[in-house]
Amino acid sequence: MTFIAGDAFWMGSDEHYPEEAPARQVRVDDFWIDTLPVTNRQFKQFVATTGYVTLAEMAPDPADYPDAPPHMLRAGSSLFVPPEKKVSLSNSLQWWTFCFGADWRHPAGPDSSIDALLDHPVVHIAYADASAYATWVGKDLPTEAEWEFAARGGLDRAAFAWGDALTPDGKMMANYWQGAFPTENLMTDGYAGTSPVGAFPPNGYGLYDMIGNVWEWTADWYSAGAKGKDSPSCCIPSNPRGGDERGSHDPSDPGAAFPRKTLKGGSHLCAENYCQRYRPAARYPQTIDTSTSHIGFRCVVR
């Protein structure tokens, strides 16, 4: 783990997606954070020791999905499958599929394995899975503010974790999508999917993969409006948290029955033409029942 000395910083952004605004000053206390995302090797040890079964490995409870066709109530997870031809970017179901048998052990589907991916970040991890691992190792999941402060690496309001240029002097600084998402993957960074943790340069705090590779769970309930801006003007809010569980639901979402947590960091599927969320300020809501081939996590100790 890496020690992060607490301080005030500018959280959010006024220049990108609206859910990141407004940029505002907040303060976090000292904490330690995993230098790298949790890997398949580490999660494998957790499962071998505890016998833990992830959400993706269990058939869904019909009571939780009353409108689901019975044949869909089987163990599995959401898998990215690039479409064969150019498609509209307005419908993500054109590249996401629910794959029976996809889970952390089988990240690309039931016939795949992690044998060659032990040092890649573990994926197909739902919120409860990340929380269970954190408890086992005596840690916690980071708050959104802690995560963003760590990701910025000491840079004040920079667009990226390394400065204001996406590729300074043409250098690839993170694992994200190059080309026209979702069909053209130029792999300028060398990877079509996840990359081994630590494959790209660390940020100013010595942390790896805070940007790109996989999205990371935080402990905060998602709120469309930025939190930490409502204190009196004379005060900088300390250790702000997200919204409440009830308010995190999205009535317009197919998963409206489930509350949402905040993801941070973007993933290898973020592209310049789609989801430019490979930035510290970027944030995304995810229902807690969901696991995918591009969501992982790391832990903190306070």
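1. The structure holds 0 disulfides. The model under review is a predicted one, and the remarks below should be read with that in mind. A disulfide is a covalent bond between the sulfur atoms of two cysteines. Two cysteines may be mentioned under this heading. C99 has a relative accessibility of 15% and therefore counts as buried, the cut-off being under 20%. C299 is buried as well, with a relative accessible area of 0%.

2. Strand β5 (residues 76–80) and strand β6 (residues 96–100) pair in the antiparallel sense, over 5 bridges. How many of the residues of β5 are buried? The count is 5 of the 5, so strand β5 is largely enclosed by the rest of the structure.

3. A further sheet deserves attention. It is an open sheet of 4 strands, in the order β9-β8-β7-β10, and its pairing is mixed. Its edge strands are β9 and β10, each of which pairs on one side only. Strands of a sheet pair through backbone hydrogen bonds, either parallel or antiparallel. For β7 (residues 215–221) and β10, the sense is parallel and the pairing runs over 2 bridges. Within this pairing, W215 has I295 of β10 as its bridge partner.

4. The loop between β9 (283–287) and β10 (295–296) contains T290. Is T290 buried or exposed? Its relative accessibility is 15%, which means that T290 counts as buried. The side chain of T290 makes a polar contact of 2.5 Å with the side chain of T287. Another polar contact, of 3.3 Å, joins the side chains of T290 and D289. With neighbours within four places in sequence left aside, T290 is in contact with I125, A126 and W217.

5. The loop between β8 (260–264) and β9 holds H268. This histidine has a relative accessible area of 7% and is therefore buried. Which backbone oxygen does the side chain of H268 reach? It is that of N213, at 2.8 Å. Residues up to four places away in sequence not being counted, H268 touches N175, Y176, W177, A192, G193, T194, G212, N213, S293 and H294.

6. Two packed helices are described by the angle between their axes and the distance between the axes. Here the axes of helix α1 (residues 40–50) and helix α2 (residues 127–136) come within 11 Å and cross at roughly 75 degrees. This angle makes α1 roughly perpendicular to α2. On the α1 side, the contact is made by Q42, F43, Q45, F46, T49 and T50. On the α2 side, the residues are D129, A132, Y133 and W136.

7. What does F46 touch, not counting residues up to four places away in sequence? The residues are G51, Y52, A132, Y133 and W136. Among them, A132, Y133 and W136 belong to the α2 side of the helix contact. F46 and R24 are 22 residues apart along the chain, and their C-alpha atoms are separated by 38 Å.

Conventions: Residues numbered from 1 in each chain as written. Predicted model: local features only at pLDDT ≥ 70, side-chain atom pairs only at ≥ 80, totals over all residues. Heavy atoms only, no water. Buried < 20%, exposed > 50% of the residue type's maximum accessible area, 1.4 Å probe, protein only. Polar contact = N/O pair within 3.5 Å; in protein donor to acceptor, adjacent residues only side chain to side chain. Contact = heavy atoms within 4.5 Å. Pairing = 2+ DSSP bridges. Disulfide = S-S within 2.5 Å. Axes fitted to C-alpha atoms, helices over the stretch in contact; angles between N-to-C directions. Parallel < 35°, antiparallel > 145°, perpendicular 65-115°, else oblique.
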